[in-house]
Amino acid sequence: MNPPKNMVRIIGGRRYSTATATLLAADDYWDGHNHERRGRNRFLYRTPNGRYFTVTLTQWQGERDSLEPVPQEDAVALYEGPLSEHYETHAEAFPGVEVVDA
């Protein structure tokens with residue numbers, strides 16, 4: 001599945017839009033057969049105001065595509081974990097978040 005071009009949701013009085021946000025990471029890698037993961041793909045975005053949200057697209061009957069705001073800590077965990085396809089560097093995705101050598 002491709003990232004949604006214009007998905008908009010208002011949650012808690014805030015408008016989240018994929019059209020104005022920056023795509024940071026996703027799990028839509030090509031495995032030689034398809035881009036879909038178990039019928040679902042998740043995409044991580046950052047708004048121009050620095051808020052993070054995920055979009056989950058589904059191919060399963062009875063499920064709906066969803067958009068969910070996430071705190072920065074969860075966004076970092078998704079970026080560093082299951083969302084292995086990165087569209088922005090860590091520094092670009094999380095301005096001000098310090099990364100230290102192990």
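The model is predicted, with local features requiring pLDDT of at least 70 and side-chain atom pairs counting only at pLDDT 80 or more, whereas totals for chains, interfaces and linings use all residues. Residues are numbered from 1 along each chain as its sequence is written, and side-chain values use heavy atoms, leaving out hydrogens and water.

H1 spans residues 72-80, and its buried members are Ala 75, Val 76, Leu 78 and Tyr 79. Viewed down the helix axis, these residues fall within an arc of 165°, so they line one face of H1; the arc is taken over the directions from the helix axis to the C-beta atoms. Helices (H or I, at least four residues) and strands (E, at least two) are DSSP runs numbered from the N terminus. The buried residues of H1 pack against several elements, including strand E4 (40-46), strand E5 (52-58) and helix H2 (90-93), where contact means heavy atoms within 4.5 Å.

Aromatic rings form a further topic. Rings of Phe, Tyr and Trp (its six-membered ring) pair if their centres lie within 6.5 Å, with planes under 30 degrees apart counted as stacked, over 60 as edge-to-face and the rest as tilted. By this rule there are four aromatic pairs. One of them is edge-to-face, joining Tyr 16 and Phe 53 at 5.5 Å centre to centre with 70° between the planes. This pair links distant parts of the chain, as Tyr 16 in strand E2 (residues 14-17) and Phe 53 in strand E5 are 37 residues apart. Phe 53 counts as buried because its relative accessibility is 0%. Tyr 45 and Phe 53 form a stacked pair, at 5.1 Å centre to centre and 10° between the planes. Tyr 16, Tyr 45 and Phe 53 form one aromatic cluster.

Conventions. Buried means under 20% relative accessible area, exposed over 50%, partly exposed in between (1.4 Å probe, protein chains only).
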